[in-house]
Amino acid sequence: MTLPLYSRPVAARVAIIDYGMGNIWSVQNALVEVGAVSEVIQHPDQLKGFDKIILPGVGAFGDAMRLLRQDGMDQALGEKVRQGVPTLGVCLGMQLMCKSSTEGGLNQGLGWIDADVVALEPAPGIKLPHMGWNAVTFTRDIPFIHGIPSGTDFYFVHSFHVVCHQASDVLGTCQHGQTFTAMFARDNLFAAQCHPEKSQRGGLQLVKNFVEMP
Amino acid sequence: MLKKRLIAVLIIRDGAVVQSVRFKHTNSIHYDPVHAIECFNKWAVDEIVILNVSRDASSREGFADVVKRICRKCFVPLAVGGWITDADFARSLLNAGADKLVLNTAFADNPPLVEALSSRFGRQCIVASMDVKRDENGTPLVIVDRAQRSTGKSPVEWAKHAVELGAGEIFFNSVDHDGARRGYDLESLRQVCAAVDVPVIAFGGVFQWKHLVEGIEAGAEAVAAANIFHYTEHATIKAKKHLTEAGVRVRTGTFT
């Protein structure tokens, strides 16, 4: 049965943060696919009236932090996170949420979560960067991952990984020479090292869950 | 554990998907590239490579437009190439939604461009496409510029050179095996896989599913094909079934 128009839930408005690094259009295409209304945001003063925030990113940690600080986007985002706006970090976006990264020397991050970023360790037979499809094992169950079986393959491209200091923040792990945190979630913060926007069914379900959660 | 990848390749000439046989494109496959992508999405292909093999550079704008349309429905990684001769065009392909740039002739004619793109977008963004062709003595050599100019270099030398310039992945193709239906050029493929640390994608010549297994056994991290995927219903699902039965770990499950 189709609900009358007025009683349908209003679609969430999602802000995609564009600080000049990464493939924001793939993220927007995934949001269109799951029926979300999204806007690409380049300046902190445009950050009003959104229900959700996605922080994407591909590239070097230090460069990304510099670009975020340049026009105060780091402060504006931090304010939204403190207000409780659900925020999803993807790939480099996940890493930026942490306190620091050792990529290209020690760099301070946004510090929203008690975690740091370090390099994946080389091991015999292990190719770096970690690139391709790999299984994510969920360590707990929250609405963000509903409908996605533990062990689902997601697409990864990265050489650094997040180390959560609070084990309870970890949501999913992945194996590549070592076990590392593939997803974390705490309060209104959600993050994935993999690329949900490039991970077909499981990835789109994750994006959909994020968009539809209250 | 990281899975081996199955890659579908779309060969585009003047906006249409074509069949490639020893780098000649006499057969147009009569469908829209976007429709092809929608099928591959449903059939759980792991990655898509789109190559513009048009004979002149004026095809670039139309190709970027095809990439943009494809990206709206492509929820797997997408690598694109053909006529990437400057950084602005490379950026326009990435802005259109591509994840990786496939470069071939640039490794011979414009190494500084390769180095600049690799340092700007990262090694994982740069795929070195190399075409191998045997000369009259049967010696495999790398040939560039749509298979028109020999570099005089062996596949191993060329692959190492490509990685030094900043390639994060090798896309291995053989002019002799392209569309020839007898599987990959395994001898050269094996040598290239052994010579470099970066992942190698095997391409050129797949006509039976066992050819994919042979590519993995030769050391490839990913196996690619083009023609066979267009002419077989649910082709990538069947291909994965065969790979799984042969003991190759691949991602399974379909999109819908």
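Trainee: So a cavity is a set of points, on a 1 Å grid over the protein atoms alone, where a 1.4 Å probe fits but cannot get out, and its lining residues have an atom within 4 Å of a point. How many cavities of 30 Å³ or more are there here?

Mentor: The structure holds two of that volume, taken as the space filled by probe spheres set on points joined across faces, edges and corners. This is a predicted model, with pLDDT of at least 70 needed for local features and 80 or more for side-chain atom pairs, while totals for chains, interfaces and linings use all residues. Residues count from 1 along each chain as written, chains are lettered from A and ligands numbered from 1 in written order, and side-chain values use heavy atoms, without hydrogens or water.

Trainee: What lines the second largest cavity?

Mentor: Chain A gives A:K127, A:P129 and A:M131, and chain B gives B:L2, B:R5, B:P199 and B:E221. About 40 Å³ of space lies inside this second largest cavity.

Trainee: And how much space is in the largest one?

Mentor: The largest cavity has about 50 Å³. Its lining is A:V27, A:A30, A:L31, A:I54, A:L88, A:V90, A:P196, A:E197 and A:V207.

Trainee: Switching to the interface, how many residues are in contact?

Mentor: On the chain B side 37 residues touch 27 residues of chain A, with contact meaning heavy atoms within 4.5 Å.

Trainee: Which residue does A:E33 pair with?

Mentor: A:E33 forms a salt bridge with B:K73, and their closest N and O atoms are 3.0 Å apart.

Methods. A salt bridge is a side-chain nitrogen of Lys or Arg within 4 Å of a carboxyl oxygen of Asp or Glu. On a 1 Å grid over the protein atoms alone, a cavity is a set of points where a 1.4 Å probe fits but cannot get out, and a pocket is an open set with protein on both sides within 12 Å along at least five of seven lines; lining residues have an atom within 4 Å of a point.
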